[in-house]
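Here is a short briefing on one protein chain. Look over the sequence and the fold, then work through the points below.

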Amino acid sequence: MLWLRGRRAVLTVDPTLLTGAFHRIEPAIRAALARPRVRPLVVGICGSQASGKSTVSAQLVARFCEQGIQAAALSLDDVYLTRAERSTLARTVHPLLQTRGVPGTHDIGLAHSVFEALDSGQGGALPRFDKARDDRAPEAAWAVLRPDTQLLILEGWCVGALPQAAAALIEPVNALEEDEDADGHWRRYVNAALAGDYQRLFARLDMLVLLAAPGFSVVRDWRIEQEQGLARTARAGATALMSVPQIERFILHYQRLTMHILAEMPGRADLVVRLASDRSVL
């Protein structure tokens, strides 16, 4: 399923499958909004690739806006570094940083600017990233952040994640790490990035919600389904659509931190919604 936000197409999953997640998250946010606040409420929604984060976030924004509570959503995916910036990282740090996704491939300063605009009561713009072109969308396509926004949802596959212990980085978790990061330089760089500016960004969260996949093994099928939807709706000139083998390689970049999140985050998240392999709620 596809819905449009401004000029940007946003991939979603069947929203009926995520009704259970919506009905668990919405009351928790409503209760938090009812408490006295000096700034807008910021809710983080974490979940593996293609788990339905954007769908649930869109449903929540729509519901609250319908009820007179101005809400907006920002995806961590929308503040990726540009393709040119990632190319520079690939040349100067490690080739695997060309691929978007892991900590170190986002413009965290850009994300902070959204929060600063929100806190100032001035509003501003919500950045957008064009996955079909693997590059940041032009500013003309960015959404508007209204100055009266009361709720901002920050969603992303590693939102709220904590870095791993150094000892956990020694052994590779898959063939990608074993063959292309044998010395561990890439994963140490990613972990250090997560331990730095990302933690300062995540400190802005008032509530952390985890959409917990049943395991990393389901991510492959979920991500293939998502890419097929993107392929059906991509504009002419799109260059970043992936084949199944490319997707299977792509998700390996995410495996280490996804497994770490599924093991570590449930013990401290404010709300954990456990998903079945079809994304229905267990």
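Which residues does Ala111 touch, not counting residues up to four places away in sequence? The answer is Val79 and Leu201. This is a predicted model. The briefing starts from the sheet, moves to its strands, then to the helices and single residues.

**The sheet**

- Five strands form an open sheet in the order S4-S9-S3-S10-S11, and the pairing is parallel.
- Strand S4 (71-75) and strand S11 (271-274) are the edge strands, and each pairs on one side only.
- From one strand to the next, the twist averages 20°.

- Strand S3 covers residues 41-47 and is mostly covered, with seven of its seven residues buried.
- Side chains in a regular strand alternate between the two faces of the sheet.
- In S3, Leu41, Val43, Ile45 and Gly47 point one way. Val42, Gly44 and Cys46 point the other way, and all are buried.
- S3 pairs with strand S9 (residues 151-156) in the parallel sense, over six bridges.
- Within that pairing, Val42 has Leu152 of S9 as its bridge partner.
- S3 also runs parallel to strand S10 (residues 207-212), and five bridges join the two.
- Two bridge partners in S10 can be named: Val209 for Ile45, and Leu210 for Cys46.

- S4 and S9 run parallel and are joined by five bridges.

**Leu41 in detail**

- Leu41 lies in strand S3.
- Is Leu41 buried or exposed? Leu41 counts as buried because its relative accessibility is 2%, and the cut-off for buried is under 20%.
- Leu41 touches residues beyond its sequence neighbours, among them Ile29, Ala32 and Leu33. Its contacts also include Gln150, Leu151, Leu152 and Asp206.
- Leu41 and Gln150 are 109 residues apart along the chain, yet their C-alpha atoms are separated by 6.2 Å.

**Helices H1 and H2**

- Two packed helices are described by the angle between their axes and the distance between the axes.
- Helix H1 spans residues 19-34 and helix H2 spans residues 53-66. Their axes come within 10 Å and cross at roughly 50°.
- Why are H1 and H2 called oblique to each other? An angle under 35 degrees would count as roughly parallel, and 65 to 115 as roughly perpendicular. The crossing is at roughly 50°, so H1 and H2 are oblique to each other.
- The crossing of H1 and H2 is right-handed.
- On the H1 side, the contact is made by Ala21, Phe22, Ile25, Glu26, Ile29, Arg30 and Leu33. On the H2 side, Val56, Gln59, Leu60, Arg63 and Phe64 meet them.
- By type, the residues of this contact divide into eight nonpolar, one polar and three charged.

**Ala111 in helix H4**

- Ala111 is found in helix H4 (residues 108-120).
- Ala111 counts as buried because its relative accessibility is 1%.
- The C-alpha atoms of Ala111 and Met259 are separated by 25 Å, and the two residues are 148 residues apart along the chain.

- Which value is phi of Ala50 near? Phi of Ala50 is near 60°, a positive value in a residue other than glycine.
- Ala50 is found in the loop between S3 and H2. With a relative accessible area of 8%, Ala50 is buried.
- Arg279 also has a positive phi, near 75°, and is a residue other than glycine.
- Arg279 is found in the segment after S11. This arginine is buried, with a relative accessible area of 3%.

Note on methods
Residues numbered from 1 in each chain as written. Predicted model: local features only at pLDDT ≥ 70, side-chain atom pairs only at ≥ 80, totals over all residues. Heavy atoms only, no water. Axes fitted to C-alpha atoms, helices over the stretch in contact; angles between N-to-C directions. Helix = DSSP H or I, 4+ residues; strand = E, 2+ residues; numbered from the N terminus. Parallel < 35°, antiparallel > 145°, perpendicular 65-115°, else oblique. Left-handed = near helix turned anticlockwise from the far one by under 90°. Contact = heavy atoms within 4.5 Å. Nonpolar A, V, L, I, M, F, W, Y, C, P; charged D, E, K, R; others polar. Buried < 20%, exposed > 50% of the residue type's maximum accessible area, 1.4 Å probe, protein only. Pairing = 2+ DSSP bridges.
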